[in-house]
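Please open the model in your viewer and have the selection tool ready.

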Amino acid sequence: MVDPNVLQPKPEIKIMGKKDVHLRKYQQIIAIFKSNKIGMFGVSIFVFFGLVALIGPLIFPYDPLQIGSGDEVLQSPDSTHWLGTDDLGRDVFAALISGSRVSLGIGLLATFITMVIGTLIGISSGYIGGKVDTILMRFTEIFLVLPWLPLMLVLAALLGSSIWNIILVIGFTSWSSTARIVRAQTLSVKERQFIERAKAIGANDFYIMYKHVLPNVFPLIFANTILVSAVAILSETSLSFLGMGDASHPSWGMMLHYAFTSGAASVGAYWFLLPPGLCVVGVVLGFTFLGYAFEELFNPKLRRS
Amino acid sequence: MKNRLSYLIIVSIALFMCFLPLANNNVDAASNPSNTLRVGWTSEPDSLSPFISNRVSTFELHLLFYDSLVTFDNDLKPVGRLAESWKVSDDNLTWTFNLQKDVKWHDGEPFTSQDVKYSYETFLEANMGMYSDFLKGITSIETPDDLTVVIKTEKPKANMLYVTAPILPKHIWEEVKSDELETWPNEKPIGTGAFKFVEWKKGEFVKLEANKEYFGGAPKVGELIFPLYANNDTMVQSLKIAEIDAAININSNQVKLLESEKDFKVLSNPTNAFTNLGINTWEDKASKGNPLLLNNDIKHAMSYAIDKQKIIDVAFSGQGKPGSTIVPSFLTDWHNELSDEKNRSYNPDKAKATLDEAGFTDRDGDGVREDKDGKPLEFRLYLRSNSPEEVKAGQILHVLLKDVGINTNVETIDDGVLGDRIYDNGDYDLFIWGWSTDIDPTTILSIVSTDQIGNLSETYYSNPKYDELLAEQEVTVDFKERQKIVYEMQNILAEDLPYIILMEENAMQAVRTDKWKGWTPVQGAFFMAANNFNYLNIEPIEETLSVSATTESSEKSTNSWLIWGGIAVLIIIVAIAVRARKRNGIDSFDNM
Amino acid sequence: MKLNYLIKKVTNAIITLFFVLIINYFLFRVMPGDPLAMMLRDPKASPESAEKLKQLFGLGEPWYIQFGLYIKQLSQGDLGMSFLFKQPVVEIIAIKIVPTLLLVGVATIVSLIGGIFLGILAAKNRGKKIDVLSLSFSLLSYSMPTFWIGVLLVAFLSVHLTLFPTSGMTTSGMVFASSIDATVDVARHLFLPALSLSLVLLGQYVLIMRNSLMDELTEDYVQTAKAKGFSEKYIIRKHAIPNAMLPMVTVISINLGFMIAGAIEIETVFSWPGIGRLMYEALLNRDYPLLQGIFLIISTCVILANLIADVLYGYLDPRING
């Protein structure tokens with residue numbers, strides 16, 4: 001849980017301008033962060049994969065529609081194909097790199113949707129309270145309870161397996177836990193003095209929610225975002241493995257799907273089966289480390305002294 | 001103390017788990033004969049009832065515990081099973097079948113002609129399931145005595161000897177009311193077949209045992225088990241470590257791998273199934289398909305543009321045969337082997353020439369040809385997402401067609417969605433799907449008949465001449481005459497091209513040769529073949545059997561030690577912990 | 001535990017269940033893919049067969065009539081007839097749910113016990129090697145896709161080392177001398193699937209338990225107790241651990257959704273004859289009644305489990321309990 005005392009705005013201080021205060025805070029954060037080894041490790045993984053996703057395909061272009069000749073199918077690694085070929089004779093290494101864009105892209109975009117929905121519902125529910133809260137929470141609970149993979153499979157079959165549909169499907173089914181967390185945090189922020197003061201001045205609810213509640217809930221949302229991204233990437237991988245991925249934009253999950261359906265394990269083609277999985281593990285690990293580091297950052301109780 | 005105790009408990013449980021691999025299959029030698037054949041498959045029956053099921057797996061099982069009057073020999077020629085002999089009247093309207101003597105049902109009841117009459121009449125009346133259609137045209141069934149059946153038909157019935165409908169026991173099925181037939185599961189089938197049904201654990205396996213009193217000679221396989229696998233990756237791994245003796249439906253990569261290993265016999269031969277490119281040939285204005293497809297020149301050009309061998313090599317790892325006509329070459333009696341010319345085999349230059357001559361050129365230089373009004377040759381190509389091979393084939397197709405100036409918008413959708421679009425006024429242009437067919441050509445020829453539009457015909461093809469020929473061959477009993485008609489029909493389709501047959505699928509199966517011998521391909525397949533030859537005729541290799549028999553009997557009662565051992569360890573640990581606790585005195589904390 | 005709390009939780013569960021019912025029904029009816037067309041994609045079927053099947057399953061009626069029929073049947077415990085198997089959905093689910101319950105149950109217990117145990121170990125030895133090791137292990141396993149673990153374990157332990165069978169729940173068709181042997185057979189087949197399924201959650205539980213316990217240890221009462229002279233071990237055992245386990249209770253029920261997802265994947269990899277695989281098959285074949293039935297059952301189980309977890313939490317948390 002975020003300790004709100006760390007980042008509370010102090011309207012009384014007039015000596016420093018607003019900008020200076022923010023700058024000071026960021027410097028503090030970075031300093032604390034740097035001392036956290038796990039956090040740094042997470043950042044480096046994040047940066048690494050980010051670079052691969054952004055620049056990689058430019059160096060190693062990959063066309064998912066291109067096919068090799070029959071003899072090149074499932075070849076073991078050699079000098080021309082560093083990680084061998086896949087079940088259609090394409091270069092696994094290039095596929096891996098281009099897949100990073102897809103896997104990361106879907107994960108992050110879906111997360112964005114999740115966070116937006118979750119935050120909106122969480123803050124509204126927590127702040128407004130009353131009937132709105134009850135209805136929204138019931139709604140959230142339903143989504144929390146509906147088993148996500150069967151639901152996703154059904155929706156993916158309904159809407160088709162294009163990239164955007166997958167992003168929407170994952171985004172729209174994963175927001176419930178975020179909403180709950182944001183709501184809980186909103187509830188505690190709601191009781192604080194500066195909120196009372198703002199109300200006394202006559203600020204309307206939306207203004208308060210946007211200007212006061214949101215910034216205070218934000219650090220928590222941020223830490224949560226990172227963890228949600230990890231889950232989103234895993235969700236997409238599972239969905240693709242079961243065959244609901246987008247064939248024209250193969251993600252790591254789709255590569256694993258092809259590996260499995262073409263019997264890679266039974267013919268010993270581990271160069272096709274292992275790398276995509278390892279990449280997923282790497283990225284998820286990186287995000288988890290990052291999220292963990294941020295959690296420690298915002299909750300001094302967890303920090304190692 | 002408690003911590004240490006729980007620690008020890010956890011450790012001992014972990015140890016127990018580690019000993020699990022040493023536990024052996026404790027085989028009760030009497031009830032688990034060692035001549036058990038295990039055949040793995042990836043698709044199991046939906047129902048065992050001949051009135052409900054449409055699946056190949058069910059058909060295969062019916063071949064084992066049921067018999068039909070007539071079956072096929074290894075050359076696909078009709079040969080008697082429950083019918084010992086038969087004759088047909090001069091006008092081809094009356095068939096007389098003489099039945100085998102002394103045949104018993106699996107429950108001991110005698111088999112008589114009454115059973116045949118009852119079975120056929122029920123199939124005709126119910127008109128459900130995969131066998132009923134075969135009996136079309138039969139008007140009466142008489143049983144002058146227990147071993148004779150006289151069947152009269154309205155018109156000459158060309159496929160009378162291809163009827164594979166199982167003969168069902170009257171004394172069991174007459175208990176089932178006619179409106180119950182649609183749902184009566186037939187859970188414990190009783191038949192006359194070479195194998196008796198034992199058990200079907202849905203989602204796990206089907207188990208049969210040999211019928212020692214089978215009139216055709218008892219099989220040497222004592223027990224026949226079909227374990228179900230959710231994917232063929234695990235199935236082949238299972239085959240490799242001999243958990244199963246044979247595997248149906250492996251994929252092309254696995255064929256390549258197993259071929260190079262000893263102790264396996266692998267086959268990959270064309271069967272009665274094919275993969276095709278379906279083209280929307282609906283001429284009605286309501287069609288949502290691209291009207292350009294009604295132009296035969298475009299279809300001809302497509303045929304020239306497709307390198308079928310390449311698709312087979314890459315998408316199917318070389319396991320398949322380039323397709324030609326709608327009647328697969330597997331049906332040697334009926335397949336019309338067309339010349340390369342008539343088949344419009346791969347010739348990209350000719351494709352381009354055809355399009356040029358028809359007036360389709362690339363007027364705006366974007367690589368795609370247009371007609372004289374500027375409409376581009378651009379079509380939607382739908383692929384089924386649940387078939388990775390078809391998806392790959394589609395991707396290759398896209399490249400091949402692009403090469404001659406035809407563009408396709410490829411979309412991978414799932415089965416159900418594709419079906420929807422097809423039936424929604426033909427909301428598609430091209431798709432890739434497949435069919436499998438019977439020994440009787442009528443079945444596959446009928447799917448492009450006008451009758452089947454709205455039902456089985458996805459292409460909406462309609463040609464009155466073709467329909468005429470279809471009806472004619474159904475009543476032409478003379479083989480040569482009938483063949484001529486069937487050939488003619490294939491010629492018509494080769495010209496109109498509602499389908500471009502891409503590939504005749506290979507049955508890909510593998511068997512282990514270290515436990516059983518006598519494996520014989522029937523028209524290229526061990527299983528899912530036209531008959532049950534292999535099940536009936538393979539023999540165990542004696543040496544390996546006697547070895548496994550002895551090891552199995554010595555393994556009796558070896559698993560109880562695991563349980564008792566674990567419990568003993570647990571008791572000892574608890575005893576030690578309790579004594580240690582007592583020695584340390586009373587827990588002083590509890591006094592606070 | 002306060003009666004109000006109990007009533008509130010039960011009412012919530014019922015309301016949620018009702019909404020699930022509605023969503024469940026309409027969701028599947030909106031799906032594309034005409035099931036009849038799929039079933040009939042066989043030259044041997046005739047138009048008459050089609051008509052018969054149509055009538056049998058009540059297709060073609062307006063939606064509100066079909067929905068009304070559905071509710072009525074539901075109240076009689078009838079979940080309809082499966083398109084695919086032509087058998088009552090209830091019967092099919094009843095057979096297939098047991099293997100899944102077995103798998104999920106064992107995996108939950110293993111991951112819980114392992115998670116709590118390792119979490120306590122890590123929290124107590126914070127900063128030391130054991131902590132780092134168990135933390136790394138947990139984070140690693142938490143990041144792995146469930147099915148991937150499964151595939152690798154099969155390849156390594158089953159095929160390469162032939163320690164365990166590759167698939168299925170039992171050795172097909174084998175008749176066993178005694179029920180002990182039959183149980184051992186199932187246990188052998190259960191080992192790898194349950195292990196794969198539990199590994200991911202184990203990682204998560206270790207992390208949660210560790211954090212929760214570390215949180216607890218910073219609470220005031222711990223300092224006070226130490227000052228009073230209680231040993232750290234006693235405090236941890238008697239107070240900190242029970243308090244730290246409270247968050248676990250909530251997490252277990254949230255994780256049920258994950259368990260089901262994992263079960264679907266694992267059942268596919270190991271050919272485990274459970275409800276996850278059944279769902280996948282039903283989806284492919286557009287078997288609406290079966291899909292609806294499974295969805296409903298799974299959702300009901302999750303709602304029930306949540307309710308039990310809430311009640312348990314209410315019982316354990318002294319703030320709510322009386």
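The stops below concern salt bridges in a predicted model. Side chains of opposite charge can pair when their charged atoms come close. Over all chains, the count comes to 20 salt bridges.

**First stop: chain A**

Select A:Arg138 and A:Glu141. These two residues form a salt bridge, and their closest N and O atoms are 2.8 Å apart. Now display helix H4 of chain A, residues 130-145, which holds both A:Arg138 and A:Glu141. Three residues, or about one turn of the helix, separate them. Are A:Arg138 and A:Glu141 buried or exposed? Both are buried.

**Second stop: chain B, two separate parts**

Select B:Asp427 and B:Arg380 next. Their side chains meet in a salt bridge with an N to O distance of 2.9 Å. B:Asp427 is found in the loop between helix H12 (415-423) and strand S16 (430-436) of chain B, whereas B:Arg380 belongs to strand S14 (residues 378-384) of that chain, so the pair ties together parts that are 47 residues apart in sequence. B:Arg380 has 22% relative accessibility and therefore counts as partly exposed.

Move to B:Asp514 and B:Arg512. A salt bridge links them, with the closest N and O atoms 3.0 Å apart. B:Asp514 is partly exposed, at a relative accessible area of 27%, while B:Arg512 is buried, at 8%.

**Last stop: a network**

Salt bridges with shared partners join B:Arg380, B:Asp427 and B:Asp429 into one network.

How values were computed. Residues are numbered from 1 along each chain as its sequence is written. Chains are lettered from A and ligands numbered from 1 in the order in which they are written. This is a predicted model: local features need pLDDT of at least 70, side-chain atom pairs count only at pLDDT 80 or more; totals for chains, interfaces and linings use all residues. Side-chain values use heavy atoms; hydrogens and water are left out. A salt bridge is a side-chain nitrogen of Lys or Arg within 4 Å of a carboxyl oxygen of Asp or Glu. Helices (H or I, at least four residues) and strands (E, at least two) are DSSP runs, numbered from the N terminus. Buried means under 20% relative accessible area, exposed over 50%, partly exposed in between (1.4 Å probe, protein chains only).
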